[in-house]
Amino acid sequence: LNAQKKFLVLLRSKKTDASGKWSLPGGALEDREDPYESIQREINEETGLQVSDIKPYYLRSYTNNEKDNVLIIGYMCNANSENVRVNWEHDSYRWVSKEEALQLELTDDGKYFIEHFDKI
């Protein structure tokens, strides 16, 4: 979230899965990585931002197409600036309200977590 309590959404590039869809910053844990360190690292890698006040707010669990069990933790955090620098995984970004985000073509996970975010 930025100072105006808007979400940062990222447009997935053609070099990635879900190309052309909007998503939230995030990614997978590295081996033996602390979840809080992981989300800080992923956000920094994808956007160049530093974040603070990291708090988990919702979970999603499902079995994917490869029959893997997946658990995703949705975190709320505050961006320490709005100077976004997207990496190769994304073509663009926007700071949007919950309502604006839900009007975009979102990834399934992104839509799920935005729909379940009721603090804004």
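Please bear in mind throughout that the model is predicted.

I begin with the interior. As a general matter, nonpolar side chains in soluble globular proteins tend to be buried together. In the present model, the largest nonpolar core has 14 residues, and the members that touch the most others are Phe7, Val9, Trp22, Ile114 and Phe117. Strand β1, residues 7-12, and helix α3, residues 108-115, each supply at least two residues of this core. The greatest contribution, three residues, is that of β1. A second, separate core is made up of twelve residues, among them Leu8, Leu49, Ala79 and Val84.

Beyond its neighbours within four places in sequence, Trp22 is in contact with several residues, including Val9, Leu10 and Leu11. Its other contacts include Tyr93, Arg94 and Leu106.

The volume of the largest pocket is about 1300 Å³. Its lining comprises 43 residues, of which Leu24, Pro25, Gly26, Gly27 and Ile72 are the closest to the centre. Which element gives the largest share of that lining? The answer is β4, with eleven residues.

Finally, the salt bridges: seven are found in the whole structure. In one of them, Arg12 pairs with Glu89, with 3.9 Å between the closest N and O atoms. Arg12 belongs to strand β1 and Glu89 to the loop between β4 and β5, so this pair ties together parts that are 77 residues apart in sequence. Arg12 is buried, at 16% relative accessible area, and Glu89 is buried as well, at 15%.

A further salt bridge joins Arg41 to Glu30, at 3.5 Å from N to O. Because Arg41 lies in helix α1 and Glu30 in the loop between β2 and α1, the pair links parts that are eleven residues apart in sequence. Arg41 is buried, at 18%, whereas Glu30 is partly exposed, at 46%.

Arg41 also meets Glu45 in a salt bridge of 3.2 Å, N to O. These two residues are four apart in helix α1, so about one helical turn separates them. Through shared partners, salt bridges join Glu30, Glu33, Arg41, Glu42 and Glu45 into one network.

How values were computed:
Residues numbered from 1 in each chain as written. Predicted model: local features only at pLDDT ≥ 70, side-chain atom pairs only at ≥ 80, totals over all residues. Heavy atoms only, no water. Core = buried A, V, L, I, M, F, W, Y, C linked by side-chain atoms within 4.5 Å. Buried < 20%, exposed > 50% of the residue type's maximum accessible area, 1.4 Å probe, protein only. Contact = heavy atoms within 4.5 Å. 1 Å grid on protein atoms, 1.4 Å probe; cavity = no way out; pocket = protein on both sides within 12 Å on 5 of 7 lines; lining within 4 Å. Points joined across faces, edges and corners; volume = space filled by probe spheres on them. Salt bridge = Lys/Arg side-chain N within 4 Å of Asp/Glu carboxyl O.
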